[in-house]
Amino acid sequence: MKDSKIRMLTLLAVVAAVASITLAAATGTQAIKERQEAMEGIGTAMKTLGAIAKQQTPFDADVVKASAETIANHLNTAADLFPEGSDAGDVETWAKAEIWSDHENFRKDFETAEAAAVAMQSVTEEAAFGPALGALGNACKTCHDTYRRPKQ
Ligand code: HEC
């Protein structure tokens, strides 16, 4: 093979490698953005529930149900937004490497949280609200403690 042809093939290989890295970064970035948005939505709905718990707003079963639905849906969406290769991207992520080394347990933590959010949807009595919120809050904390770097 001629030297120039080898050089050309090498160059093409380099270009292809760079392109695939860029693509991986784009995929990672997209997933990071989407899961952070989903988590933000969860956080907002959680604040609504927190305000009821602190008696800043009165208990309202409809509001509780709607907030719990939002949380359950977003948790369901977020669970699929941690593909391999999304441990880094063009935006900062607080996801820990354990998410991918321990993926089965990570998914279980999502299921536990989603189940708690679904259970919260059938809370109609104020007396049941506190315990339901406690269970949900614990599920968030369990996962964050293991799989999320704290935001300083
Ligand atoms: C199974 C794991 C898991 C569960 C359950 C979970 N989270 Fe998260 N959460 C994460 C991870 C991982 C991140 C970091 C995502 C990133 O930075 O890429 C995160 C990030 C967040 C953020 C920050 C979003 C941002 O803009 O950076 C908020 C707010 C949040 N979670 C709220 C909650 C609340 C409230 C619950 C419970 C109702 C909850 N999460 C349940 C794993 C979880």
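A crossing of two helices is left-handed if the near helix is turned anticlockwise from the far one by less than a right angle. The exercises below use that term on a predicted model.

**Exercise 1. How are H2 and H4 packed, and which residues meet?**

Step 1. Take the geometry. The axes of H2 and H4 are 8 Å apart, at an angle of about 160 degrees.

Step 2. Classify the angle. Over 145 degrees counts as roughly antiparallel. H2 is therefore roughly antiparallel to H4.

Step 3. Assign the hand. H2 passes H4 in a left-handed crossing.

Step 4. List the contact. H2 brings Val64, Ala68, Ile71, Ala72, Leu75, Asn76 and Ala79. H4 answers with Arg107, Phe110, Ala113, Glu114, Ala117, Val118 and Met120.

Step 5. Sort by class. The contact of H2 with H4 has 11 nonpolar residues, 1 polar and 2 charged.

**Exercise 2. How do the axes of H4 and H5 cross, and which residues make the contact?**

Step 1. Locate the helices. H4 covers residues 103-120, and H5 covers residues 126-147.

Step 2. Read distance and angle. Their axes come within 9 Å and cross at roughly 165 degrees.

Step 3. Apply the 145-degree cut-off for roughly antiparallel. H4 and H5 are therefore roughly antiparallel to each other.

Step 4. H4 passes H5 in a left-handed crossing.

Step 5. Name the partners. From H4 come Phe106, Asp109, Thr112, Ala113, Ala116, Ala117, Ala119 and Met120. From H5 come Ala132, Ala135, Leu136, Ala139, Cys140, Thr142, Cys143 and Tyr147.

Step 6. Sort them. The contact of H4 with H5 holds 13 nonpolar, 2 polar and 1 charged residue.

**Exercise 3. Which residues come nearest to the ligand, and which helix gives the most to the shell?**

Step 1. Find the nearest residues. Of the 23 residues around the ligand, these are Met39, Gly43, Ala113, Cys140 and Cys143.

Step 2. Find the elements. Helix H1 (3-53), H4 and H5 each give two or more residues to the shell.

Step 3. H1 gives the most, with 8 residues.

Step 4. Sort by class. The shell has 15 nonpolar, 4 polar and 4 charged residues.

Step 5. Link back to the helix contacts. Ala113 takes part in the contact of H2 with H4. Ala113 is also in the contact of H4 with H5. Cys140 and Cys143 belong to the H5 side of that contact.

**Exercise 4. Is Val64 buried or exposed, and what is it in contact with?**

Step 1. Val64 is in helix H2.

Step 2. Count neighbours. Val64 has 23 other C-beta atoms within 10 Å, so it is buried. The cut-off is 20 or more.

Step 3. Leave aside neighbours within four places in sequence. Val64 is then in contact with Leu49, Ile52, Met120, Val123 and Phe129.

Step 4. Look at one of these partners. Met120 is 56 residues from Val64 in sequence, yet their C-alpha atoms are 7.4 Å apart.

**Exercise 5. How does Gln36 count by its C-beta neighbours?**

Step 1. Gln36 lies in helix H1.

Step 2. Count. Gln36 has 17 C-beta neighbours inside 10 Å, so it counts as partly exposed.

Key: Residues are numbered from 1 along each chain as its sequence is written. This is a predicted model: local features need pLDDT of at least 70, side-chain atom pairs count only at pLDDT 80 or more; totals for chains, interfaces and linings use all residues. Axes are lines fitted to C-alpha atoms, for helices over the stretch in contact, and angles run from 0 to 180 degrees between N-to-C directions. Helices (H or I, at least four residues) and strands (E, at least two) are DSSP runs, numbered from the N terminus. Angles under 35 degrees count as roughly parallel, over 145 as roughly antiparallel, 65 to 115 as roughly perpendicular and the rest as oblique. Two residues are in contact if their C-beta atoms, placed from the backbone, lie within 7 Å. Ala, Val, Leu, Ile, Met, Phe, Trp, Tyr, Cys and Pro count as nonpolar, Asp, Glu, Lys and Arg as charged, and the others, Gly among them, as polar. A residue is near a molecule or strand if its C-beta atom, placed from the backbone, lies within 6 Å of it. A residue is buried if 20 or more other C-beta atoms lie within 10 Å of its own, exposed if 12 or fewer, and partly exposed in between; C-beta atoms are placed from the backbone.
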